[in-house]
Amino acid sequence: MRPEALNPLFVETPALEGVGPKLQRPLEKLGLKRVRDLAYHLPERFVERHAVADLDEAQVGENVIVALTVREHRSAPGRGPFRVLAEDAKGNVCTITYFGRAAYSGKKALPVGEQRWVAGRLDQYGQMLQIVHPDHVAESASALTGHVREPVYGLSEGLTQGRIASLVAQALKGLPGLPEWCEPGLVERMGWPLWADALVTAHRRADPAGRDRLAYDELLANALALMLVRASNRSQKGTPLLGDGRLRAKLNLPFALTGAQRRSITEIEGDLAQQAPMLRLLQGDVGSGKTVVALSAMLIAVEAGTQAAMLAPTEILARQHHETLTRMAQGTGVEIALLTGRDKGRARESILMGLLDGSIDILVGTHAIFQDAVAYKNLALAVIDEQHRFGVGQRLLLAKKGRRTPHFLAMTATPIPRTLTLAQYGEMDVSRLDELPPGRQAIDTRVVATERMDDVVGALARHLEGGGQAYWVCPMVHENEGDDLAAAEARYAALKERFGEDVVLVHGQLRPEMKDAAMERFSAGEAKLLVATTVIEVGVDVPNATLMVIEQAERFGLAQLHQLRGRVGRGQAKSVCLLLRGAELSETGRRRLALMRETQDGFRLAEEDLELRGGGELLGTRQSGDTPFRIASLEQIQRLLPVAHDDARLLIERDGGLAGERGEAARLLLYLFERDWGVQLLRGG
Ligand code: ADP
Ligand code: MG
C-alpha cells in the first residue's frame, strides 16, 4: 500500500480544475495522468522576454514585450491567416498574425484603435515585422510582468503552453512536505535544495543543482529497487545444479566455441552450482552466438535431472529457437518441446502432460509457458530472449513456476553502454559475448557526401547488374514523419524510374499484407532493390543483399545504424555500406559517422555514442525512450548514477529492511517513482 503522505501526488488529472474529457487525451499522450506526473513534467527550456519601449530596440528573432496600438484588422479570403496591423510608439508597423481558429481570439484581444501589450517572438515576413500567435496579449504592462521569463513545456496536440502551465501550477500547489531520502552529506556537498523546492524552482528558472537533485532522486529510486531485487534473490532458495557434462559432450557442433562463449558458459555454470538462484544477463550482438550458450546452460539443468524453459518474444522466434535447439541437440536424446498460444486441444494436452511427468526436458515458447495451467515437474532454469520486453513482474511470475525459485538467464542483442546496463539491469550479473565467431566478413563502410548521389546510384547500378541485391534506407523520424515519408517515396519513384520493376518500397504506413508481399519479393530474389524506412524487420536475412545505402545517416542513432548495417554481411561475398551525409554536418555528427566506419563492435559504438551525445546534450533535456528514466538526462546518468548506486548499496547494507528514518523516506521514494515492486520484495523476503 502506498504511504498516505503520497496520496495527493497520485490524484488523477481529471480531478484538477479545468481538465475535461477533451484535455485528457492530450495529457495522457504525454504520460500525464496524475498530479505527480504534472509536477515532474519539467520545462524543456525557458523563454526570456525583452520588454522594449518600441521595436527599434528589439532584434528580429527575439522574444519581446511591447506596447502596440491596433490600426486595422485584415481577414484573408478562404483559409488564409487573419492579420492585425499595429503600430508601436514610434510608428513602426508590425503585423500580428493568426492562423485557423486562433483568429477568433486575436480579433477579440486586439480591438481596432486600442493599445495592447503584446508578448511574442518578433519575426520578419518579407519587409514587414511580424508576431505570429503572440504568447500573451494584455491591456496593461503590469499584467505581463510575471511573463518576462516563462517555461516552455513539451506539448501534444490539443494543449497549449498556458494550459499546461496552469495545470502544473495546480500540481505544485499541493506538494506535500516529504522527509529527505538523500544522504545528508551528499545534499550538503552538492548544495542541493529540498525535494519540493527543487520541483517548484525547476518550473521557474534554470536551476542546475535542483535539476540534478531531481534526476538523482530518480536514479536512486531505480538503484534501490534493483538492489532490493538482488538482495531478495540472494535470500531465496534455488536448486544448485551440478551438471556432469555427459549431455554437453554429445553436442555435435559444426564449429568450435569462441573464447567469449566459453567464458560465458563457465560463468553460468558457476552460478548454477549455487543455491541462490542465478540472475544473469547475456549480452551479445546479433550473430554473436547466444543460442548455443543458452543451450549449454539448459543442458546443465537437464544433466542435473531438472527441466529448463526458454521464452521468446514472438511466435516466429519461438519456432526458430525450437528448430535450432532441436538440430543442435540431436545426438543428446534430450526432449525439446514447443508451446505457443496457437497450440490447442490434444497437442497442448500432451505437452502439458510431458512437462508434468518430466518426459519433456526443455520447453521453448511464448508467454504461453507462463500460464497457470502450465505446471512443470521440476523447472530449475528459465531463459528469456530479449529481456527488455519483459518486466520484473513477469519474471516474478515465472519464479512461482518452480518448486524452488528457478535460475534465470536473460539474453539481449541490444548493445547498450555499461552505465546504462547498470541502470537497466543493475540487479543482474552480466556476461558479454564481445567476440564474434570467426570468419565473419567486415562490412566495408564508407561515408559519402550526398552531393555525390550520381556516383552512388552508378555504383548501385553496377552492383545490381552484377546480380547483387541491395537495401536503400531513408530516415523516418517521428517529429517529421510526413516530410520523411514524402522523401522516401520520392526516392523510391526516382530509383524505380532508373531500375524499373525490380524496386520495392517498404515503410511503416503500408498495410501489413503489402509490406509482407514486398519483403517476400525481395527475399525470393525477384526484387533487386528494397527501399525502406527504418522498419526493416528483425529477422530479415537475405545473404545475396551485400550493399546498403543509408541516406541522411547523421540522423540515425549509432545503435540503429549498427543494427541496420547488420542486415548485410550475411553471405560469403564482401559487403559494403554507404553512409550518405548531408552538407550541414556538425562536428559531433562527423565523428559519429567516422566511428561507424571504424568499428563493427556494437558495444564500442554504444559506449562512444553515449559519450558523444551525452556530452553535447543540453542540461536536463529528456530522453526519447532509450533509457528507463524520464527525468535524468544521459549526461546526468553518467555523472550521477555511480553515486546513486553506491549510496543505495550503503543504505541497504546498513538498513536492509529500510526500517530506519532514512529507510522510511527511501520507501516513499520508491513509491514516488513507482519502483514499489522493490518494496514488495522487501515485505515478502
Ligand atoms: P545470436 O542469437 O547471438 O544472434 P546465434 O546464436 O543465432 O546468434 O548464432 C548466429 C550464427 O552463428 C548461427 O548460425 C550459429 O550457428 C553460428 N555460430 C554460433 N557460434 C559460433 C562459433 N563459435 N563459430 C562459428 N559459428 C557460430
Ligand atoms: Mg538469437
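This is a predicted model: local features need pLDDT of at least 70, side-chain atom pairs count only at pLDDT 80 or more; totals for chains, interfaces and linings use all residues.
Reader: Which residues are the closest to ligand 1?

Author: Ligand 1 is surrounded by 14 residues. A256, G287, K290, T291 and R440 are the closest.

Reader: And how do I read polar contacts here? Which atoms lie at which distances from ligand 1?

Author: Look for pairs of N or O atoms within 3.5 Å. On the side-chain part, Q261 has a polar atom 2.9 Å from a nitrogen atom of ligand 1. The backbone takes part too: a polar backbone atom of G287 is 2.6 Å from an oxygen atom of the ligand, and for a polar backbone atom of G289 the distance to a ligand oxygen atom is 3.1 Å.

Reader: How much of ligand 1 does the protein bury?

Author: Start from the ligand taken alone, which exposes 560 Å². The protein buries 68% of that area.

Reader: Let's turn to empty space. How do I find where it is left?

Author: Rolling a probe the size of a water molecule over the atoms shows where empty space is left. In this structure, the second largest pocket has a volume of about 1,400 Å³. Its lining holds 42 residues, and D135, T160, Q161, G162 and R163 are the closest to its centre.

Reader: Which helices and strands supply that lining?

Author: At least two residues each come from α1 (21–29), β1 (45–48), α3 (102–109), β8 (136–138), β9 (149–152) and α4 (161–173). The element that gives the most to the lining of this second largest pocket is α4, with seven residues. By class, the lining has 18 nonpolar, 14 polar and 10 charged residues.

Reader: What about cavities: how many reach 30 Å³ or more?

Author: A cavity is space where the probe fits but cannot get out. The count here is one cavity of 30 Å³ or more, and the largest cavity has a volume of about 50 Å³.

Reader: Which residues and helices line the largest cavity?

Author: Among the lining residues are N222, M227, L422, E427 and H645. Helices α7 (208–235), α14 (418–425) and α21 (634–654) each supply at least two residues, and α7 gives the most, with four. By class, the lining of the largest cavity divides into six nonpolar, three polar and one charged.

Technical notes: Residues are numbered from 1 along each chain as its sequence is written. Chains are lettered from A and ligands numbered from 1 in the order in which they are written. Side-chain values use heavy atoms; hydrogens and water are left out. On a 1 Å grid over the protein atoms alone, a cavity is a set of points where a 1.4 Å probe fits but cannot get out, and a pocket is an open set with protein on both sides within 12 Å along at least five of seven lines; lining residues have an atom within 4 Å of a point. Grid points are joined across faces, edges and corners, and a volume is the space filled by probe spheres set on the points. Ala, Val, Leu, Ile, Met, Phe, Trp, Tyr, Cys and Pro count as nonpolar, Asp, Glu, Lys and Arg as charged, and the others, Gly among them, as polar. A residue is near a molecule or strand if one of its heavy atoms lies within 4 Å of it. A polar contact is a pair of N or O atoms within 3.5 Å; within protein, one must be able to donate a hydrogen and the other to accept it, and residues adjacent in sequence count only if both atoms are side-chain atoms. Accessible areas come from the Shrake-Rupley method with a 1.4 Å probe; for residues, only the protein chains shown count as cover.
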